[in-house]
Amino acid sequence: MPDEPTTPTGDNPYVARAYRLGGPDDARALYDEWAKHYDADLAGDDQGYVAPVLAAETVVRVAGPDVTVLDAGCGTGLVGAALAERGVRVIDGMDVSEGMLGQARATGAYRSLEPVDLTGPLPTDADVYDVVVCVGTLTHGHVGPEVLAEFARVTRPEGWVVATVLDDVWESGGYRAEVDRLVAAGSVQLVSAELAPYRAGVGVQARMLVLTTR
């Protein structure tokens with residue numbers, strides 16, 4: 001990934017720090033500090049963080065509401081809350097930050113919440129979930145493309161992986177290459193990877209990656 005990301009930050013110092021994380025410990029420290037005002041910082045027109053709602057809409061469109069979902073990198077629970085508003089009732093969340101998990105817990109949207117470093121193997125058996133959704137985590141300085149194989153592993157055959165991948169790193173960060181590898185290996189089928197608004201207030205886009213598992 002690029003050493004000096006040029007993705008617009010909207011002059012938010014936390015966003016700038018997030019794009020320059022040095023690893024899971026840095027991520028944990030930043031998001032613990034940011035947790036209580038993360039939603040307020042990103043929800044306004046200046047940032048326009050629409051990705052959680054768009055991803056939730058995508059999950060329900062492709063899989064319906066009667067699914068068991070893992071929200072990987074759930075943060076403060078924006079995706080879980082959006083899924084719950086659309087009728088999804090069984091949602092588990094994982095995030096590296098206890099502070100963010102505390103905020104997610106307050107939404108009441110989750111069946112379980114667990115502190116997990118997504119840069120390593122997920123502490124989950126294979127073929128557990130109908131859907132894995134991941135928003136805001138496949139970006140500069142966070143979690144690399146190897147996590148996509150883990151998402152596929154924990155998803156049932158003919159299930160779904162829905163993930164935002166920041167467009168700036170789709171190619172350079174190796175995410176497109178990893179999708180191609182998983183397709184060639186017969187693990188997944190690529191349904192789409194269309195550009196979609198992400199932080200719309202500052203013109204940042206992401207790939208809305210949709211995979212089916214085999």
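This is a predicted model: local features need pLDDT of at least 70, side-chain atom pairs count only at pLDDT 80 or more; totals for chains, interfaces and linings use all residues.
Local features need pLDDT of at least 70 and side-chain atom pairs count only at pLDDT 80 or more, while totals for chains, interfaces and linings use all residues. Residues are numbered from 1 along each chain as its sequence is written, and side-chain values use heavy atoms, with hydrogens and water left out.

Let us begin with the sheet. Helices (H or I, at least four residues) and strands (E, at least two) are DSSP runs, numbered from the N terminus, and two strands pair if DSSP finds at least two bridges between them. An open sheet of mixed pairing is built from 7 strands in the order 3-2-1-4-5-7-6. Its edges are strand 3 (112-115) and strand 6 (188-199), each pairing on one side only. Strand 4 (residues 129-138) runs parallel to strand 5 (residues 155-166), and 6 bridges join them; Cys134 has Ala163 in strand 5 as its bridge partner.

The aromatic residues come next. Rings of Phe, Tyr and Trp (its six-membered ring) pair if their centres lie within 6.5 Å; planes under 30 degrees apart count as stacked, over 60 as edge-to-face and the rest as tilted. The structure holds 5 such pairs. Tyr31 and Trp34 are stacked, because their ring centres lie 5.8 Å apart with planes at 15°. These two residues are 3 apart in helix 2 (residues 24-43), so about one helical turn separates them. Tyr31 and Tyr38 instead form an edge-to-face pair, with centres 6.3 Å apart and planes at 65°. One aromatic cluster comprises Tyr14, Tyr31, Trp34 and Tyr38.
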